[in-house]
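Colleague: Could you walk me through the terms you use for this model?
Modeller: Gladly, here it is.

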Amino acid sequence: SQMVINVMSPGGFDVEGKGIITVKKVRLYHAAIRYFLVNPKYNPHGWDVETFGKPINQEEMAGTLMAFSALVIDGIEQMGAILTDEEKDAYQHCWNIVGHFIGLSPKFFPNTFKEGWELGIAIIQRNNDESLEGKQLTTSLLDFSTNFMNDTLIDKILIDTLPYYLINYYVKDVSKKINVNILQSL
């Protein structure tokens, strides 16, 4: 959340702005994770590139970027905000700048909110397989969140409302809004 605050604050994109500095740190963090996951010295269990692809790859970064941009806009509108197309496209552009600094290929930069939405949903749908590991991770994250933020204002706002939003988001019919072949064109 601090990255979002730093990026979206006035001056965040200045040469020495907090947003740019934070995003560069994220890029360094990603590089370290990639290195340690594929290096047998640090990960004796290995990383199966054939099965899982490269860790923190372009598609994963694009999906995450859309989660911070176009998919957030959709959530804000579901809560009642009214945004113009120009405002939505400008917000998307800000996150394209973040994408540049984290090393995302420009072919993944949507020109508009609508393109960002379609890309985000296409990536979600492509990776929407159920797994035991996914269920365990989700349970672990929810348990951590519940225990860590128990009886706080954040708990009341986030824990009590986020699951409703996510359930609503994932069960609503999004197929009419997307071009399911978008990933094949990249």
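Modeller: What follows takes a few labels in turn and sets each against its definition.
Modeller: This is a predicted model, where local features need pLDDT of at least 70, side-chain atom pairs count only at pLDDT 80 or more, and totals for chains, interfaces and linings use all residues. Residues are numbered from 1 along each chain as its sequence is written, and side-chain values use heavy atoms, with hydrogens and water left out.

Colleague: Why is Ile56 called buried?
Modeller: Buried means under 20% relative accessible area, exposed over 50%, and partly exposed in between (1.4 Å probe, protein chains only). Ile56 has 19% relative accessibility, so Ile56 counts as buried.

Colleague: And where does Ile56 lie?
Modeller: Ile56 is in the loop between α3 (49–52) and α4; helices are DSSP runs (H or I, at least four residues), numbered from the N terminus. The phi of Ile56 is near 50°, a positive value in a residue other than glycine. Most residues other than glycine have a negative phi.

Colleague: What makes Tyr35 partly exposed?
Modeller: Its relative accessible area is 44%, so Tyr35 is partly exposed. Tyr35 belongs to helix α2 (residues 18–38).

Colleague: Which residues line the second largest pocket?
Modeller: Among them are Trp47, Phe52, Asn57, Glu59 and Arg126. A lining residue has an atom within 4 Å of a point of the pocket, an open set on a 1 Å grid (1.4 Å probe) with protein on both sides within 12 Å along at least five of seven lines. Helix α4 gives the most to this lining, with 3 residues.

Definitions and conventions: Helix = DSSP H or I, 4+ residues; strand = E, 2+ residues; numbered from the N terminus.
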